[in-house]
Amino acid sequence: MAKPAIIAVDDDPQVLRAVEGDLSRHYSDDYRVVAASSGAEALEVLEQLKLRDDEVALFVVDQRMPEMTGVEFLERAEALFPRARRTLLTAYADTEAAIQAINRANLDYYILKPWDPPEEKLYPILDDLLDDWVAGYRPPFEGVRVIEHRWSPRSHDLKAFLARNQVPYIALDAASDEEAQRLLTYAGVGPSDLPVVLLPDGG
């Protein structure tokens, strides 16, 4: 099973490298640190993680980005990974936006830039958030996911084949399961392509 991810998002390359470096030094034993230079890029990453059934533990996101602010990104990211903890990086002048984000994006914490030294101004905060996330973490199902029309003969045949070969699977009904509908969108397939099989690596 892949390590849970920590997602860092900042449009400033220098700041992004600094965030990624500080996060990797402290958390790489237990988490994958994934860096993105915009909210749009980060959302694409999240869709791929969702297809692979990977988990996101923490977002560390800059507020002041063009095209999509940190708060706007976190609002959209919450729909994909609602349990992930959310932090916003802000300059002193942006603290009002951060305070508003506590309600709008269910923000857990905002951190003022610069956060040096991270041992005092970054890690203690993120450690607490990650400990809280871990306390409620349930590892995801690691078998095959079948997105189906419940009464389709093809779906029935496919599930029978998997069962005969002792392949663990769960079935998601495309008509009634919102998660199944999102996964079809991320995979770029439609109802006419059902049943769809998603392997544990997202294939």
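The exercises below work through the overall build, salt bridges and aromatic pairs of a predicted model.

**Exercise 1. Overall description**

Task: State the secondary structure content of the protein chain, its extent along the principal axes, and the share of buried residues.

Solution: 
1. The protein chain contains eight helices and eight strands.
2. Its C-alpha trace spans about 60 × 35 × 25 Å along the principal axes.
3. Of the 203 residues in the protein chain, 45% are buried.
4. The protein chain has an accessible surface of about 10600 Å², and carbon and sulfur atoms hold 51% of that area.

**Exercise 2. Contacts and charges**

Task: What percentage of the contacts with a separation of 6 or more joins residues 24 or more positions apart, and how far apart are the mean positions of the positive and negative charges?

Solution: 
1. Among contacts in the protein chain with a separation of 6 or more, 68% are between residues 24 or more positions apart.
2. The protein chain carries 21 positive and 37 negative charges.
3. The mean position of the positive charges lies 5 Å from that of the negative charges.

**Exercise 3. A salt-bridge network**

Task: Which residues are linked with Asp54 in a network of salt bridges, and is Asp54 buried or exposed?

Solution: 
1. The cut-off for a salt bridge is a nitrogen-to-oxygen distance within 4 Å.
2. The network of salt bridges links Arg32, Arg52 and Asp54.
3. Buried means under 20% relative accessible area, so Asp54, at 12%, is buried.
4. Arg52 has a relative accessibility of 28% and therefore counts as partly exposed.
5. In total, seven salt bridges are counted.

**Exercise 4. Two salt bridges with neighbouring numbers**

Task: Find the salt-bridge partners of Arg86 and Arg85, and state which parts of the chain the pair of Arg85 ties together.

Solution: 
1. Arg86 forms a salt bridge with Glu78, with 3.8 Å between the closest N and O atoms.
2. Arg86 is buried, its relative accessible area being 5%.
3. Arg85 forms a salt bridge with Asp132, where the closest N and O atoms are 2.7 Å apart.
4. Arg85 belongs to strand β4 (residues 85-90) and Asp132 to helix α6 (residues 123-135), so this pair ties together parts 47 residues apart in sequence.
5. Arg85 counts as buried at 14% relative accessibility, whereas Asp132 counts as partly exposed at 43%.

**Exercise 5. Aromatic pairs of Tyr27**

Task: Classify the geometry of the pairs that Tyr27 forms with Tyr31 and with Tyr123.

Solution: 
1. Two values are needed, because a pair of aromatic rings is described by the distance of the centres and the angle of the planes.
2. The structure has three aromatic pairs.
3. For Tyr27 and Tyr31, the ring centres are 6.4 Å apart and the planes stand at 80 degrees.
4. An angle over 60 degrees counts as edge-to-face, so the pair of Tyr27 and Tyr31 is edge-to-face.
5. Tyr27 is buried at 5% relative accessibility, and Tyr31 is buried at 9%.
6. Tyr27 and Tyr123 also form an edge-to-face pair, with 6.0 Å from centre to centre and 85 degrees between the planes.
7. This pair links distant parts of the chain, since Tyr27 lies in helix α1 (residues 13-27) and Tyr123 in helix α6, 96 residues apart.
8. Tyr123, like Tyr27, is buried.
9. Tyr27, Tyr31 and Tyr123 together make up one aromatic cluster.

Terms used:
Residues are numbered from 1 along each chain as its sequence is written. This is a predicted model: local features need pLDDT of at least 70, side-chain atom pairs count only at pLDDT 80 or more; totals for chains, interfaces and linings use all residues. Side-chain values use heavy atoms; hydrogens and water are left out. A salt bridge is a side-chain nitrogen of Lys or Arg within 4 Å of a carboxyl oxygen of Asp or Glu. Buried means under 20% relative accessible area, exposed over 50%, partly exposed in between (1.4 Å probe, protein chains only). Helices (H or I, at least four residues) and strands (E, at least two) are DSSP runs, numbered from the N terminus. Contact means heavy atoms within 4.5 Å. Accessible areas come from the Shrake-Rupley method with a 1.4 Å probe; for residues, only the protein chains shown count as cover. Lys and Arg count as positive and Asp and Glu as negative; His and the chain ends are not counted. The place of a charge is taken as NZ of Lys, CZ of Arg, CG of Asp or CD of Glu. Rings of Phe, Tyr and Trp (its six-membered ring) pair if their centres lie within 6.5 Å; planes under 30 degrees apart count as stacked, over 60 as edge-to-face and the rest as tilted.
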